[in-house]
Amino acid sequence: MLMKEYRICMPLTVEEYRIGQLYTISKHSHEQSDKGEGVEVVKNEPHEDPVHGKGQFTEKRVHLSSKLPSWARAVVPRIFYITEKAWNYYPYTITEYTCSFLPKFSIYIETKYEDNNGCNDHIFNSDKNHTDHEDLRYFASVKTGRGPLKEGWRDDPSPIMCSYKQVTVKFEVWGLQGRVEQFVQKVIRDILLIGHRQAFAWVDEWCDMTMDEVREYEKQTQEATNEKIGIMAPTISISEAAQPSTTRSAPASAPSTPLSGDPPDFLSVPKDRPRKKSAPEMLTLPELRERATKK
């Protein structure tokens with residue numbers, strides 16, 4: 001198991017990002033989907049937890065065979081999917097990913113949002129801290145007047161928020177565990193940066209929306225995405241008024257079930273060595289670097 005913590009700062013408030021997050025996920029999923037591949041929405045319904053209160057539960061299937069690296073395609077069936085289950089009790093969320101043919105593979109992401117610049121070192125109540133797309137150095141929001149994000153922008157006290165994400169990756173297969181867990185953590189880091197960059201780069205598209213409007217946009221976009229990848233769109237209920245008759249707490253840890261089989265011969269077995277725990281990794285938007293101008 002490999003666990004890391006990411007801190008992603010945004011020039012937004014936590015309340016603003018609540019709408020921006022829903023809009024961005026829906027739009028990005030639709031843009032990245034095509035016939036046979038993309039994000040299929042299975043469930044999107046109200047959910048109530050005895051600890052966290054009222055929220056929203058979503059279940060999605062991510063079909064992405066062709067997007068895998070070559071070494072992964074060699075051992076992965078041509079038709080497979082990743083299952084995403086998310087419990088959203090904003091500003092606290094839990095997300096789990098499991099694979100349709102690898103029971104011992106799982107990703108568990110716990111997220112908390114706070115209006116600060118990433119200075120909370122104990123947000124997950126743990127003594128153990130593990131830790132080109134839209135270019136925001138040149139983007140300026142017309143409607144909010146925020147941006148471009150130059151060096152030192154996080155020191156500006158208003159507004160700023162931080163997404164704290166504790167990401168746990170499990171791949172309990174002998175000979176492949178360390179390599180796969182490191183690879184998946186890198187992929188997740190890149191996805192998190194892209195998603196948060198887009199949320200701000202698209203701020204003028206969603207900043208005037210209400211929660212009801214963004215929920216309707218989410219519903220219509222999900223149905224269009226299901227149709228785009230060639231899957232019959234299910235009936236999606238996003239009403240926040242009706243509540244399910246039974247309650248179920250979100251899982252406390254990522255699932256782990258047995259898997260049989262030997263590792264592929266063409267993948268070398270890494271030497272046994274003590275596992276290192278990484279320190280928290282501070283991610284800012286964008287990664288500001290000085291570029292030498294060429295004349």
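Here is a short chat about a predicted model and the reasons behind some of its labels.

Visitor: Why is Leu 149 called buried?

Guide: Buried means under 20% relative accessible area. Leu 149 has 4% relative accessibility, so the label buried applies.

Visitor: Where does Leu 149 lie, and how far is Leu 149 from Leu 136?

Guide: Leu 149 sits in the loop between strand S6 (105–114) and strand S7 (161–171). Leu 149 and Leu 136 are 13 residues apart in sequence, and their C-alpha atoms are 5.8 Å apart in space.

Visitor: What makes strand S4 largely enclosed by the rest of the structure?

Guide: Of the 8 residues of S4 (residues 82–89), 7 are buried, so the rest of the structure largely encloses this strand.

Visitor: How do you know that S4 pairs with S3 and with S5?

Guide: Pairing needs at least two bridges between the strands. Strand S3 (residues 53–63) is joined to S4 by 7 bridges, and 8 bridges join S4 to strand S5 (residues 92–99), so both pairs qualify. S3 and S4 run antiparallel, and S4 and S5 run antiparallel too. You can look for Gln 56 opposite Asn 88 in S4, and for Ile 82 opposite Cys 99 in S5. S4 and S5 form a hairpin, with 2 residues between them.

Visitor: How does the reach of helix H1 (residues 14–31) compare with the expected span?

Guide: The expected span is 1.5 Å times one less than the number of residues. H1 has 18 residues and reaches 25 Å from first C-alpha to last, close to the expected 26 Å. Its buried residues include Val 14, Tyr 17 and Leu 22.

Methods. Residues are numbered from 1 along each chain as its sequence is written. This is a predicted model: local features need pLDDT of at least 70, side-chain atom pairs count only at pLDDT 80 or more; totals for chains, interfaces and linings use all residues. Side-chain values use heavy atoms; hydrogens and water are left out. Helices (H or I, at least four residues) and strands (E, at least two) are DSSP runs, numbered from the N terminus. Buried means under 20% relative accessible area, exposed over 50%, partly exposed in between (1.4 Å probe, protein chains only).
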